[in-house]
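Dear colleague,

Please find the structure for your review below. A summary of the findings follows.

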Amino acid sequence: MITPIFNLNDIILILAIGLSLILALFQPILPAKKKLTKALLASFFLSLTLSDIGIMLIWNEYIPQSTMSATLVPYFYCCSMLLKAPLLLLYVRSITEENFQLKRIHLLHLTPMLIAILVISSFDIDINRLKLDTFGMDALLYQVIDSLWYSLKIIPLGYFIAATFTVWHYHKMLRQQHSDVNETALWWLYYLTLGFVLAGIWTLSLSILAYFYRLPFGVTDNYLNFILLIALFYYSISHAQNLTTTKEEEEFDDPKESAALVDTKPLDSTISKIMDGIVNQKLYLNQSLNVEQFSAKIGVPYRDVSFAINKAFGTNFFEFVNSYRIEESKRYLADEKYKDMTIMDILLESGFNSKSAFQRFFKRLTGTSPTEFRREALRKAHFAQE
């Protein structure tokens with residue numbers, strides 16, 4: 001009887017290896033706003049390829065191992081496991097932050113990998129020892145390898161949580177700025193990062209359950225990872241390009257810098273141009289308006305616009321623009337000749353592109369909902385006529 005080399009679980013791994021490798025190689029020709037985004041996603045897929053190859057070589061006893069492969073597998077497996085999560089976090093940042101660039105401080109993400117390499121080298125951990133064959137194994141070595149396995153699960157989980165928090169922070173900035181929001185793309189990113197978190201929790205839970213109860217569920221995380229791989233690929237080509245990148249509003253915390261700008265910037269002239277763009281050109285009616293587009297329309301550098309609005313009105317650009325959109329919407333809501341217009345029609349006419357954002361800002365600036373404001377305004381108008 002011939003013993004099969006690959007079972008169903010191995011086939012899933014082989015499919016994941018092939019797909020992630022293809023995706024890594026074809027990233028240069030796929031759509032993306034930035035080259036850095038392509039490079040990070042390609043590196044992430046490549047790390048998935050290496051980690052899945054490592055899983056197959058470690059746990060498939062029918063694949064022959066040479067002395068060299070038995071020595072090298074723990075290195076590239078641990079390195080790929082500890083690199084894929086930081087790469088996912090950096091990828092999320094690259095598609096949500098307009099000016100994101102790799103910096104020297106990001107080299108700190110290599111620290112867990114370098115420590116793992118040092119541990120593997122110091123304790124001479126080969127593929128057989130990595131599998132924790134306890135026969136004749138020193139207690140200290142067992143504890144070291146056991147800790148290494150747990151670090152391969154806990155550290156990536158921490159990064160996946162950080163990626164989810166990054167999406168939450170990104171969503172918060174969009175709510176503050178009222179940028180051009182693609183809700184579908186945003187929620188896809190939420191679910192995707194949360195999926196990696198749940199998969200990481202599941203993997204860690206399986207290790208704990210296997211330690212206490214020897215439950216045979218360890219391979220199920222391979223199926224979850226394969227599903228997430230497909231989901232990430234779909235997201236990268238269908239939704240990631242539709243996200244609005246954000247940038248922090250200009251803050252002038254340095255008193256010297258602020259004083260210098262007050263002395264050198266012709267604030268009166270800038271504010272005059274800003275108000276012309278608002279009052280006469282009504283640029284705020286553009287639903288996708290951002291500070292760069294606004295600045296180009298009025299012929300003023302966007303840094304000067306941000307500074308002038310902050311200095312003169314005590315707010316940021318999007319809060320400033322949205323206040324005029326709210327005033328526009330109040331004009332429609334309070335006029336009886338527009339009573340047949342729906343709330344959606346009015347918010348679109350006023351420059352908003354999201355019902356939730358409109359209601360949120362309206363409530364914040366007026367203390368009531370659009371529907372309540374309209375009802376009360378029309379009631380007062382009716383009594384005034386009588």
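**Lining of the second largest cavity**

The lining of the second largest cavity comprises four nonpolar, two polar and two charged residues (Ala, Val, Leu, Ile, Met, Phe, Trp, Tyr, Cys and Pro count as nonpolar, Asp, Glu, Lys and Arg as charged, and the others, Gly among them, as polar). This is a predicted model, in which local features need pLDDT of at least 70, side-chain atom pairs count only at pLDDT 80 or more, and totals for chains, interfaces and linings use all residues. Residues are numbered from 1 along each chain as its sequence is written, and side-chain values use heavy atoms, with hydrogens and water left out.

The residues lining this cavity are Ala16, Leu48, Ser51, Asp52, Ile55, Lys84, Asn225 and Leu229; lining residues have an atom within 4 Å of a point on a 1 Å grid over the protein atoms alone, and a cavity is a set of points where a 1.4 Å probe fits but cannot get out. At least two lining residues each come from α2 (35-59) and α8 (220-238), with α2 giving the largest share, four residues. Helices are DSSP runs (H or I, at least four residues), numbered from the N terminus. The second largest cavity holds about 60 Å³ of space, a volume being the space filled by probe spheres set on the points, which are joined across faces, edges and corners.

**His106**

His106 lies in the loop between α3 (67-96) and α4 (111-122). His106 counts as buried because its relative accessibility is 13% (buried means under 20% relative accessible area, with a 1.4 Å probe and protein chains only).

Yours sincerely

Technical notes
Buried < 20%, exposed > 50% of the residue type's maximum accessible area, 1.4 Å probe, protein only. 1 Å grid on protein atoms, 1.4 Å probe; cavity = no way out; pocket = protein on both sides within 12 Å on 5 of 7 lines; lining within 4 Å.
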